[in-house]
Amino acid sequence: MEKVDCVVIGTGLYGMAAAKQYHALNPQSSLVVFERDSSVGGTWSDHRLYPGITANNLLGGLEYPDFPLDPETFGAKKNEHIPGAALNAYFKAVADKFGITPLIRFNTKVLVAEHQETEEGGWELTTLNSVTNVETKLYTRRLIVGTGQTSEPFVPHFEGQETFGRPIFHGKDWPKYADTLNKDTNITVFGGSKFAWDAVYQYASAGAKVNWVIRSSGHGPCWMSSSWVTPFSRWIEELANTRVLTWFSPCVWGQHDGYTKTRSFLHGTALGRAVVNGFWSVLGQDVLSRYHFDSHPNLAKLKPWTTAMLTGPSYSILNYKTDMLELLKSDLITIHIGEIDHLSPGMVHLADGTQFESTALLSHTGWKHVPLVKFLPEGIEKELGIPHSPLDHSDDADLGSNEALLQKADEEILRSFPMLKNQPNWNPNFVPLTEQKGIDSDDPHAPTKPITPWMLYHFIVPSSERFLKTRDIAFTGAVSTFSNPIASHLIGLWISAYFNGQLAVNPSAAVGDKEALAKIQYETVLQNRFGKWRYPTDWGTTKPPAFIFDAVPYLDQLLHDLGLQSHRKPGWLSEMWSPYLPKDYRTVNEEWQKLNKTKA
């Protein structure tokens with residue numbers, strides 16, 4: 001059996017960052033990267049480039065700190081959204097630049113990862129090559145799971161779909177159905193996410209007739225705005241990463257930014273909370289007033305149902321070449337706030353009796369929120385801290401089902417941030433997708449099935465004693481922020497330091513110390529439970545961690561763990577008001593290497 005030092009699964013934004021960081025810090029170690037598809041890039045890989053795909057990010061916002069996306073090389077322009085083709089080329093260049101390309105085994109899926117019951121630990125992997133259909137086994141001392149949050153699409157079963165006789169597909173597979181993008185198509189788009197907006201835009205721009213169905217019993221349409229918000233027209237990526245503005249976000253890891261007194265005033269006093277509420281009101285009203293949602297029947301149906309403050313990365317950007325809002329007012333688009341009751345030959349039937357012809361049904365109904373790997377031995381998910389069916393509530397290792405710890409975390413969160421007690425009833429008629437009449441799924445990994453939440457220490461590694469001792473697994477991309485490129489870079493560095501026992505704040509030091517281990521595990525529960533109150537629809541208890549204005553203090557936490565400086569601006573005024581972008585973390589690896597040479 002082949003043996004290697006480390007395996008990375010996935011070559012999307014986070015997987016690639018982890019691979020290049022591990023390779024940079026451990027150049028003599030053997031590294032293998034498994035990619036289930038035929039090219040790198042994850043969302044931006046060859047097979048996922050649908051017509052007109054463009055990043056929400058402007059130039060400078062979606063790049064690794066140590067490899068700027070050069071506009072001339074990759075075909076991007078200042079103050080414009082980055083084309084998908086440019087990001088596709090960029091990720092291929094990253095793989096080449098950092099020596100990862102020769103280490104990648106394409107078209108290879110990791111089916112099973114079995115933990116080895118030895119002092120050293122490690123994993124026996126079973127892989128399948130989709131081209132040769134050959135299974136192989138491999139032993140790795142370390143495993144980094146970077147399969148991301150948008151890898152495995154979920155499409156429910158619609159009543160009557162066997163008689164529909166037309167394509168039913170998820171947005172991930174849109175490139176396979178590019179021939180439906182024409183003026184002769186009557187397309188049904190199902191869902192209220194940013195991708196649904198993209199699909200509606202592309203089809204209507206091509207002259208197709210669009211019936212857009214958004215569940216009346218669901219989360220409603222996502223928040224959308226331009227990249228420039230507030231009365232001061234600030235770039236939203238900069239706004240979310242400006243330290244002084246992050247103080248207005250209740251955050252359980254906020255102490256890592258060093259401004260605990262300011263945060264205590266804003267969230268612990270009535271006057272401070274009034275200021276905080278005023279900030280979020282201005283931000284939300286600015287977006288709502290700019291787009292005049294009440295000026296047209298179609299636009300009124302797209303007015304967000306949730307508040308801006310409680311919305312995470314589902315908040316998205318109008319990154320279209322022409323005016324999407326004007327297109328929405330055209331006769332090409334009909335928006336239905338309702339439920340799909342059933343399908344019949346070539347027809348979609350809604351619960352209110354509405355029916356319409358459809359040549360295809362594009363169902364962007366989310367993603368499966370569990371890793372795509374089967375972990376063994378059975379039941380090990382509890383100790384790994386990954387989502388699983390909460391059948392056994394008596395196991396102390398199952399932090400996701402430990403009612404006492406969850407209650408303790410809830411009490412601390414609400415005591416620290418009283419404003420989170422007032423959770424709005426954003427949809428009193430909410431019904432999980434797979435419980436809606438006419439829709440079902442036997443898939444245990446469906447995004448609305450009852451599972452335990454993610455429970456990873458700092459959203460990266462298990463906090464069970466077994467895995468803190470062996471230090472042989474980490475998850476990257478189990479968190480989503482507006483600062484993903486920076487987070488992926490720092491998490492990749494954090495993982496390598498953790499594997500090598502070089503973290504300044506090392507959770508593995510708790511092994512053998514019952515009290516210290518309990519603190520590590522409670523901190524894990526506290527930070528993961530926070531999402532239930534802070535981002536109830538984007539994170540909640542069923543989805544992976546996801547946040548916006550809490551990203552900078554999260555990056556501070558990672559740097560604190562690494563023993564590196566988190567305040568990276570030249571002066572106090574700049575520190576508060578100058579936004580943090582990838583370029584501010586460009587020298588992190590050099591700082592890390594210098595620090596550890598000094599220690600040695």
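**Buried loops, cores and backbone exceptions in a predicted model**

His 458 counts as buried, because its relative accessibility is 2%, under the 20% limit for that class. The model described here is predicted. His 458 sits in a loop, the one between strand 23 (439-440) and helix 14 (465-470). The backbone at His 458 also stands out: phi is positive, about 55°, although the residue is not a glycine. Most residues other than glycine have a negative phi.

Asn 107 is a further case. Its phi is near 55°, again a positive value in a residue other than glycine. Asn 107 is placed in the loop between strand 5 (104-105) and strand 6 (108-115).

The peptide bonds supply another exception. Most peptide bonds are trans. A cis bond, however, joins Leu 376 and Pro 377, with omega at about 5°. Pro 377 belongs to the loop between strand 22 (374-376) and helix 12 (381-384).

The overall fold was examined next. The protein chain contains 19 helices and 26 strands. Its C-alpha trace spans about 70 × 65 × 55 Å along the principal axes. The radius of gyration is 24 Å; this agrees with a compact globule, because a chain of 600 residues would then have a value near 25 Å. Of the 600 residues, 59% count as buried.

The accessible surface of the protein chain comes to about 23,500 Å². Carbon and sulfur atoms account for 53% of that area. The chain carries 54 positive and 64 negative side chains. The centres of these two sets lie 5 Å apart.

The largest nonpolar core holds 145 residues. Within this core, Trp 197, Trp 212, Leu 328, Leu 420 and Trp 494 touch the most other members. Helix 15 (residues 484-499) provides the largest share of the core, with 10 residues. A second core is separate and has 23 residues, including Leu 138, Phe 375, Ile 380 and Leu 384.

Ser 508 lies in the loop between helix 15 and helix 16 (514-534). Ser 508 counts as buried because its relative accessibility is 11%, under the 20% limit. Leaving aside residues within four places in sequence, Ser 508 is in contact with Leu 468, Arg 471 and Tyr 498.

Glu 63 is found in the loop between strand 3 (54-58) and helix 2 (71-74). At 7% relative accessibility, Glu 63 therefore counts as buried. Its contacts, apart from neighbours within four places in sequence, include Pro 68, Leu 69 and Tyr 90. Glu 63 is also in contact with Pro 485, Pro 582 and Arg 586. Glu 63 and Leu 406 are 343 residues apart along the chain, and their C-alpha atoms are separated by 37 Å.

Exposed loop residues were examined as well. Asp 331 is in the loop between helix 11 (324-328) and strand 17 (333-338). Its relative accessibility is 72%, so Asp 331 counts as exposed; the limit for that class is over 50%. Asp 331 and Val 210 are 121 residues apart in sequence. Their C-alpha atoms are 9.2 Å apart in space.

Lys 437 is placed in the loop between helix 13 (403-416) and strand 23. Lys 437 counts as exposed because its relative accessibility is 58%. Not counting residues up to four places away in sequence, Lys 437 touches Ile 340 and Asp 341. The C-alpha atoms of Lys 437 and Glu 339 are separated by 8.3 Å, and these residues are 98 apart along the chain.

How values were computed
Residues numbered from 1 in each chain as written. Predicted model: local features only at pLDDT ≥ 70, side-chain atom pairs only at ≥ 80, totals over all residues. Heavy atoms only, no water. Core = buried A, V, L, I, M, F, W, Y, C linked by side-chain atoms within 4.5 Å. Buried < 20%, exposed > 50% of the residue type's maximum accessible area, 1.4 Å probe, protein only. Helix = DSSP H or I, 4+ residues; strand = E, 2+ residues; numbered from the N terminus. Rg over C-alpha atoms; globule rule 2.2 N^0.38 Å. Areas by Shrake-Rupley, 256 points an atom, 1.4 Å probe, with all protein chains shown as cover. Lys, Arg positive; Asp, Glu negative; His and termini not counted. Charge placed at Lys NZ, Arg CZ, Asp CG, Glu CD. Contact = heavy atoms within 4.5 Å.
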